[in-house]
Amino acid sequence: MAEDERSRVAPESSSSPNPNPCPICLGPITQDSYLDQCFHKFCFNCIVRWTNIIASKHSCGPSSVKCPLCKTENLSIVYGFDGSSFQRHYVNRDLRNSEFFSEAHRYRLKCYYTEPGNLADKVKVSSYWKSHKYRQQNRWLHDWLRREIQAVTQEEDVDIIVHHIFGVIDSFRRDAVKHSKISTETKQEEFKLLVSQAVRPFLMGRSDRFVYELELFLASGLKIDAFDRVYIKHLGWNIPEISKGEEEEEEPDGTHEHEPSIPYLYILDQDSDDN
Ligand SMILES: [Zn+2]
Ligand SMILES: [Zn+2]
């Protein structure tokens, strides 16, 4: 019996080619970063985003964060160790006080860590491609890109990234008009590949999700705030600051059957200090 238990808790090491993946993204660790108390190791971006998402759950910013693995309280993330010096990122950097990081930004950030369900069907992404709507310009795209990239990177100054991504999307659109013989499926795949390659250096683990969100936004043909309302309605977790004063937010048919979607990472933090 004791033998059994021991083998069950033994770490699995040989089965995977990547024996020490980042516990958050499960990929190889990029930019080694450690929590300062328990010394568990993560990608820098993964652990920073993790702590920011945890922070966004609290009404007042916490000055520490529980390790997603061992639940030890940690005050900072240690990174950039080069043998003699290191850098430190404190958990209590409070985005709430940053003017650019609105409730909409916070909501969108959570969306990127939440299972989107069947939104692509609802928004009819496939008919967007089939009916060649991708050839049309979307006049809200620039602002939308800016908001999304700010939300995911949690950086205010993203102009150069937005400029780059916008350029990639717009040149794809202009080329697509010229090369009308290429099949729609090929075009869609090409689009997804181009955009994901362009955003990957900045959005890393969230890149594919960004492409998914971009397709949703473009296919919806909606303005940014209308797009947000569709999302809020679909995911069923409401952000009061966004819906305040929005009459259309009321469900017309009075149904509220949507189960709230649980962001992936919260699963690790079920017994947090919410209650
Ligand atoms: Zn990671
Ligand atoms: Zn830990």
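# A guided tour from Leu69

Select L69 to begin: this residue is partly exposed, because 14 other C-beta atoms lie within 10 Å. The term rests on a count of other C-beta atoms within 10 Å of a residue's own, with C-beta atoms placed from the backbone: 20 or more means buried, 12 or fewer means exposed, and anything in between means partly exposed. This is a predicted model, in which local features need pLDDT of at least 70 and side-chain atom pairs count only at pLDDT 80 or more, while totals for chains, interfaces and linings use all residues. Residues are numbered from 1 along each chain as its sequence is written, and chains are lettered from A and ligands numbered from 1 in the order in which they are written.

**Around L69.** L69 is found in the loop between strand 3 (65-66) and strand 4 (73-74). Helices (H or I, at least four residues) and strands (E, at least two) are DSSP runs, numbered from the N terminus. Then select I24, which is 45 residues from L69 in sequence and 9.4 Å from L69 in space, C-alpha to C-alpha.

**The whole protein.** Zoom out to view 11 helices and 6 strands. Of the 275 residues, 25% are buried. Among contacts between residues at least 6 apart in sequence, 61% join residues at least 24 apart.

Next, select the open sheet of 4 strands, whose order is 2-1-5-6 with antiparallel pairing. Two strands pair if DSSP finds at least two bridges between them. Strand 2 (41-43) and strand 6 (87-90) stand at the edges with a single partner strand each, so one side of each has no neighbour in the sheet. From one strand to the next, the twist averages 35 degrees.

Strand 1 (residues 32-35) and strand 5 (residues 76-79) run antiparallel and are joined by 3 bridges. Which residues of strand 5 stand opposite Y34 and L35? Y34 faces V78, and L35 faces I77. Follow I77 onward: its bridge partner in strand 6 is H89. Strand 5 and strand 6, also antiparallel, are joined by 4 bridges.

**Two loop residues.** Most residues other than glycine have a negative phi. Select Q31, in the loop between helix 1 (2-9) and strand 1. Q31 is not a glycine, yet its phi is positive, about 55 degrees. Q31 is partly exposed, with 14 other C-beta atoms within 10 Å. Move to H132, in the loop between helix 5 (125-130) and helix 6 (141-153). H132 likewise is not glycine and has a positive phi, near 60 degrees. H132 is partly exposed, with 13 other C-beta atoms within 10 Å.

**A pair of helices.** Finally, select helix 8 (residues 184-203) and helix 9 (residues 207-220), whose axes come within 8 Å and cross at roughly 130 degrees. Helix 8 is therefore oblique to helix 9. Axes are lines fitted to C-alpha atoms, for helices over the stretch in contact, and angles run from 0 to 180 degrees between N-to-C directions. Angles under 35 degrees count as roughly parallel, over 145 as roughly antiparallel, 65 to 115 as roughly perpendicular and the rest as oblique. At the contact, residues of helix 8 including K192, V195 and L203 meet residues of helix 9, among them F210, V211 and L214.

Notes
Two residues are in contact if their C-beta atoms, placed from the backbone, lie within 7 Å.
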